[in-house]
Amino acid sequence: MVKIGNIQLPDFPLLLAPMEDVSDPPFRAVCKANGADLMYTEFISSEGLIRAAAKSRKKLDVFDYERPIGIQLFGSDVETMGECAAISTEAGPDLIDINYGCPVKQVACRGAGAALLRDVPKMVEMTAAVIRNTHLPVTVKTRLGWDDGTKNVEEVAERLQDIGIAALTVHGRTRVQLYKGEADWRLIAKIKDNPRIHIPIFGNGDITSPEKAKEYQNRYGVDGVMVGRASIGYPWIFREIKHYVATGELLAPPTLEERVAVCQMHFDKSIEWKGPKVGIFEMRRHYAHYFRGLEGAKAWRTRLVDAETSDVVLEILQEIASSEAVMVG
């Protein structure tokens with residue numbers, strides 16, 4: 001069993017990565033139903049939260065069926081991050097996570113996300129401010145370093161553990177790499193092997209199959225793995241990893257009926273949480289992922305994207321389910 005503060009997780013837990021414009025409550029619902037053990041909100045701007053921006057406030061929504069669930073914050077101002085930790089705590093999550101890993105320009109060039117890897121003392125100060133302003137466990141997600149010449153995540157791990165973080169997730173790339181190249185987990189393994197480190201260490205980056213998850217568990221000794229892009233349109237990856245780790249056997253891929261059923265669950269949750277207009281519009285980005293490899297997928301996707309009412313979307317989904325289309329890729 002893995003513990004994050006007072007949160008108990010199973011051995012080798014599977015975490016859903018916080019992904020902007022993806023890991024909202026509807027998406028989290030289908031991932032939870034398929035085996036995700038710990039999930040996070042999309043990352044929330046501390047400045048937006050302080051301004052009470054509607055989009056930032058909406059991201060605080062968490063639901064009992066998601067638990068355990070963490071709210072992830074990012075920002076560049078120490079005091080503001082502390083204030084936002086208090087605000088986020090009132091929303092009722094199980095933990096607060098700090099994003100020190102986002103590599104995108106809009107975040108890093110404003111001194112937030114992965115930019116803090118270039119200012120470890122400020123990172124420590126900011127983390128301490130968040131810890132002071134919540135009674136919940138505080139965790140951190142970060143990267144190996146800013147670039148190949150400044151891979152300082154080992155120092156980061158020790159210093160943040162010393163001030164009280166409850167777990168650390170490390171993405172095996174630098175900020176400069178963005179999402180290119182292959183993730184390097186060797187430094188993640190060194191952190192896990194460090195006798196000073198006693199908090200759970202989770203690895204992130206390139207977990208795209210059950211076989212890779214098991215291989216990385218054995219090779220790098222991490223307490224669990226975080227799955228990101230591989231879960232988009234394929235939440236079954238969580239159940240497949242769990243089964244493979246437990247038995248060494250691969251589960252059969254989801255049937256067409258299962259794909260439609262989970263897509264419809266995602267759609268229903270989207271309408272419920274966002275309302276029909278926004279819910280229908282924002283689901284359009286997911287159809288290509290759910291039906292990737294399906295014979296005639298392009299035509300189905302075009303119809304789904306063009307649909308303007310819930311009834312039409314549901315009719316098309318039922319057509320897909322009852323069709324004789326086969327998976328070709």
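Figure 1. Cys 84 takes part in no disulfide, and the nearest cysteine sulfur, which belongs to Cys 102, is 16 Å away. Cys 84 counts as buried because its relative accessibility is 0%; here buried denotes under 20% relative accessible area, exposed over 50%, and partly exposed the range in between, computed with a 1.4 Å probe on protein chains only. Residues are numbered from 1 along each chain as its sequence is written, and side-chain values use heavy atoms, with hydrogens and water left out. As the model is predicted, local features need pLDDT of at least 70, side-chain atom pairs count only at pLDDT 80 or more, and totals for chains, interfaces and linings use all residues.

Figure 2. An unreviewed UniProt entry carries the annotation "active site" at Cys 102; UniProt positions follow the numbering used here, feature names are shortened, and annotations may be inferred rather than shown by experiment. Cys 102 is located in the loop between strand 7 (95–100) and helix 5 (105–108). Helices (H or I, at least four residues) and strands (E, at least two) are DSSP runs numbered from the N terminus. With a relative accessibility of 10%, Cys 102 is classed as buried. Leaving aside residues up to four places away in sequence, Cys 102 is in contact (heavy atoms within 4.5 Å) with Phe 43, Val 107, Ala 108, Gly 113 and Ala 114.

Figure 3. The whole structure contains 20 salt bridges, each defined as a side-chain nitrogen of Lys or Arg within 4 Å of a carboxyl oxygen of Asp or Glu. In one of them, Arg 28 pairs with Glu 66, and the closest N and O atoms are 2.4 Å apart. Asp 94 lies in the loop between helix 4 (78–90) and strand 7, and Arg 67 in the loop between helix 3 and strand 6, so the pair ties together parts that are 27 residues apart in sequence. Arg 67 has 29% relative accessibility and therefore counts as partly exposed.

**Figure 4. Salt bridge between Asp 148 and Lys 151.** The side chains of Asp 148 and Lys 151 form a salt bridge with an N to O distance of 3.7 Å. Asp 148 is exposed, at 60% relative accessibility, whereas Lys 151 is partly exposed, with a relative accessible area of 32%.

**Figure 5. Lys 59 and its partners.** Through shared partners, salt bridges join Glu 20, Lys 55 and Lys 59 into one network. Lys 59 is placed in the loop between helix 3 and strand 6 and is buried, with a relative accessible area of 11%. Residues up to four places away in sequence not being counted, Lys 59 touches Glu 20, Thr 41, Glu 42, Phe 43 and Ile 44. A polar contact of 3.0 Å connects the side chains of Lys 59 and Glu 20; the term denotes a pair of N or O atoms within 3.5 Å, where, within protein, one must be able to donate a hydrogen and the other to accept it, and residues adjacent in sequence count only if both atoms are side-chain atoms. A polar atom of the Lys 59 side chain also lies 3.2 Å from the backbone oxygen of Phe 43.

Figure 6. The structure holds seven aromatic pairs; rings of Phe, Tyr and Trp (its six-membered ring) pair if their centres lie within 6.5 Å, with planes under 30 degrees apart counted as stacked, over 60 as edge-to-face and the rest as tilted. The ring centres of Trp 185 and Tyr 216 are 4.6 Å apart and the planes are at 70°, so this pair is edge-to-face. Trp 185 lies in the loop between strand 9 (167–171) and helix 8 (186–193), and Tyr 216 in helix 9 (residues 210–220). For Trp 185 and Tyr 220, the centres are 5.8 Å apart and the planes at 35°, so the pair is tilted. Trp 185 and Tyr 220, the latter in helix 9, are 35 residues apart. Trp 185 and Tyr 216 are both buried, and Tyr 220 is likewise buried. Together, Trp 185, Tyr 216 and Tyr 220 make up one aromatic cluster.

Notes
A disulfide is a pair of cysteine sulfur atoms within 2.5 Å.
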